[in-house]
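These notes are meant for a colleague who is opening this structure for the first time. They go point by point, and each can be checked against the view below.

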Amino acid sequence: MRFFLAVLLVVSVTSCGGPEPRRPIEVKSGSFFKESIERTKKLLAEEEKAIQEIISKDTVHEYMSNPNGFWYYYETKNDTATYQLKSGDQILFSYNLMNLEGDTIYTAEEIGPQSHVIDKQQLFPGLQNAVKLLKINEKATFLFPSPLAFGYQGDNKSIGPKTPLKSSVELHTIIIDNDSLN
């Protein structure tokens, strides 16, 4: 009887391995995200190449690159203005939107004058950074690759997905935020 109980005890202890975890039916490898990143890099490289071709053919304007990933030139420069926009300042500006070939998508009249508080309200990413470069009464033309424009979605109206944009932006008025002066 002791032998039987000892065997039963050994069998019951060794057969209890604990609960076995459930395995997923489908294993995700992350390759979709890696492929998406590669597609985005390739698209950005193609758009930047197209922008560089536009810049090289334009012998009239002096283009500057911005660390945020867009290029621009001044149409009207105000060398007497010294105030640089700061977070919280309110501005009134106008802009248009074109494709890189120069075909108008939205005129400045269609969009209308825009009131915007710097860093407090949303604009599309490129424009958000572009307006900060302007001083009062300056006008500049900006070339934005699609990730800095309306990206993979477009604006669900006239701007399609993955569309790089050209935009002329003019700063009309600045209302300085008193907190930014301190």
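1. In which helix does Gln 128 lie? In this model, which is predicted, Gln 128 belongs to helix H4, and with a relative accessibility of 12% the residue counts as buried, because buried is taken to mean under 20% relative accessible area.

2. The surroundings of Gln 128 deserve a careful look. A polar atom of the Gln 128 side chain lies 3.4 Å from the backbone oxygen of Gln 121, and the side chain of Gln 128 also reaches the backbone nitrogen of Leu 123, at 3.0 Å. When neighbours within four places in sequence are left aside, the residues in contact with Gln 128 are His 116, Asp 119, Gln 121, Gln 122 and Leu 123.

3. Asp 119, one of those contacts of Gln 128, also takes part in a salt bridge with Lys 132, in which the closest N and O atoms are 2.6 Å apart. This pair links distant parts of the chain, since Asp 119 sits in the loop between strand S6 (114-117) and H4, whereas Lys 132 sits in the loop between H4 and S7, 13 residues apart. Asp 119 is partly exposed at 39% relative accessibility, and Lys 132 is likewise partly exposed, with a relative accessible area of 25%.

4. How many salt bridges does a search of the whole structure find? The search finds three, and another of them joins Lys 139 to Glu 75, with 3.9 Å between the closest N and O atoms. Because Lys 139 lies in strand S7 (residues 139-144) and Glu 75 in strand S2 (residues 71-76), the pair ties together parts that are 64 residues apart in sequence. Both partners count as partly exposed, Lys 139 at 26% relative accessibility and Glu 75 with a relative accessible area of 37%.

5. The side chains of Glu 138 and Lys 77 also meet in a salt bridge, at 3.8 Å from N to O. Here too the pair links distant parts of the chain, with Glu 138 in the loop between helix H4 (125-130) and S7, and Lys 77 in the loop between S2 and strand S3 (90-95), 61 residues apart. Is Glu 138 buried or exposed? At 1% relative accessibility Glu 138 counts as buried, while Lys 77 is partly exposed, with a relative accessible area of 44%.

6. Asn 137, placed in the loop between H4 and S7, has a positive phi of about 65° although it is not a glycine, and its relative accessibility of 47% makes it partly exposed. Lys 162, found in the loop between S7 and strand S8 (165-175), has a positive phi of about 55°, again without being a glycine, and is partly exposed with a relative accessible area of 42%.

7. On the surface, Met 1, Phe 4 and Leu 5 form a nonpolar patch that has about 400 Å² of accessible area together. Met 1 lies in the segment before helix H1 (2-15), and with 76% relative accessibility Met 1 counts as exposed.

8. As for annotation, the UniProt record, an unreviewed entry, places the feature "domain: PPIase FKBP-type" at residues 88-175. Over residues 88-175 the chain in the model is 11% helix and 36% strand, and the end C-alpha atoms are 9 Å apart.

Methods: Residues numbered from 1 in each chain as written. Predicted model: local features only at pLDDT ≥ 70, side-chain atom pairs only at ≥ 80, totals over all residues. Heavy atoms only, no water. Patch = residues over 30% accessible without salt bridge, like charges linked within 9 Å, V, L, I, M, F, W, Y side chains within 5 Å. Areas by Shrake-Rupley, 256 points an atom, 1.4 Å probe, with all protein chains shown as cover. Salt bridge = Lys/Arg side-chain N within 4 Å of Asp/Glu carboxyl O. Helix = DSSP H or I, 4+ residues; strand = E, 2+ residues; numbered from the N terminus. Buried < 20%, exposed > 50% of the residue type's maximum accessible area, 1.4 Å probe, protein only. UniProt positions renumbered as here; feature names shortened; annotations may be inferred. Polar contact = N/O pair within 3.5 Å; in protein donor to acceptor, adjacent residues only side chain to side chain. Contact = heavy atoms within 4.5 Å.
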